[in-house]
Amino acid sequence: LSVLYILKGVIIVQQMEEVIIERWGKYHKTLTPGLNFIIPFIDTPCGIVWKITQKGVDGQTYSYTRLMTKIDKRETVYDFPRQNVITKDNVTISINALLYFQIVDSKSAVYEITNLIDAIEKLTQTNLRQLVGQLDLDETLISRDKINHELREILDEATNKWGVKVNRVELQDINPPADIQAAMEKQMKAERE
């Protein structure tokens, strides 16, 4: 029993991780990389809810949530699902975005928000809709860098409370509807001729 007790009290934290420890249900300390000791059954690791998206064997994309007790401090890339956004001139376009972020304060990431990834995803979607809603279709197609920059600033400021640093936002694809795309191609062909 004493060997089991000692083994339960040893936690090895990898270089890029941190572990939040609660004592009697209250924040006690943050374990840094290396060999750490806790009091078993009194100190417990506290986790963060993490959304994981994977492609299955059948080609479908599956998402599930998992409680992670070791918090990864490395930069994470999150590919948001494609969403429809309406521009200022009432054109519905489809946008796919990538977000690069990093947890800089593990304690805030655990205690300030219940589901970090979902919160960042919803925050990105609403702000992306707001930014694109202020631009015409032509402006949206040529202002990708401007949208990326403004969205990154908004997200970084909002996620600061959660202990997250948004490093980069990239709009992968901006796809207008097929009929508008065909009209744009005809216009370009006419201009060339």
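The paragraphs below go through a hairpin, a helix contact and an aromatic pair. The model is predicted, so local features need pLDDT of at least 70 and side-chain atom pairs count only at pLDDT 80 or more, while totals for chains, interfaces and linings use all residues. Residues are numbered from 1 along each chain as its sequence is written, and side-chain values use heavy atoms, leaving out hydrogens and water.

Strands β6 (residues 48-55) and β7 (residues 61-68) pair in the antiparallel sense over 8 bridges; pairing requires at least two DSSP bridges. Helices (H or I, at least four residues) and strands (E, at least two) are DSSP runs numbered from the N terminus. Lys55 stands opposite Thr61 in β7. With 5 residues between them, β6 and β7 form a hairpin, and Gly59 in the turn has a positive phi of about 90°.

The axes of helix α3 (residues 116-133) and helix α5 (residues 144-159) come within 10 Å and cross at roughly 140°. That makes α3 oblique to α5, because angles under 35 degrees count as roughly parallel, over 145 as roughly antiparallel, 65 to 115 as roughly perpendicular and the rest as oblique. Axes are lines fitted to C-alpha atoms, for helices over the stretch in contact, with angles from 0 to 180 degrees between N-to-C directions. In the contact (heavy atoms within 4.5 Å), residues including Ile120, Leu123 and Leu128 of α3 meet residues of α5, among them Ile147, Leu151 and Ile154.

The whole structure holds 4 aromatic pairs, defined by ring centres of Phe, Tyr or Trp (its six-membered ring) within 6.5 Å, with planes under 30 degrees apart stacked, over 60 edge-to-face and the rest tilted. The rings of Trp50 and Phe101 have centres 6.2 Å apart and planes at 40°, so this pair is tilted. Trp50 lies in β6 and Phe101 in strand β11 (residues 92-103), 51 residues apart.
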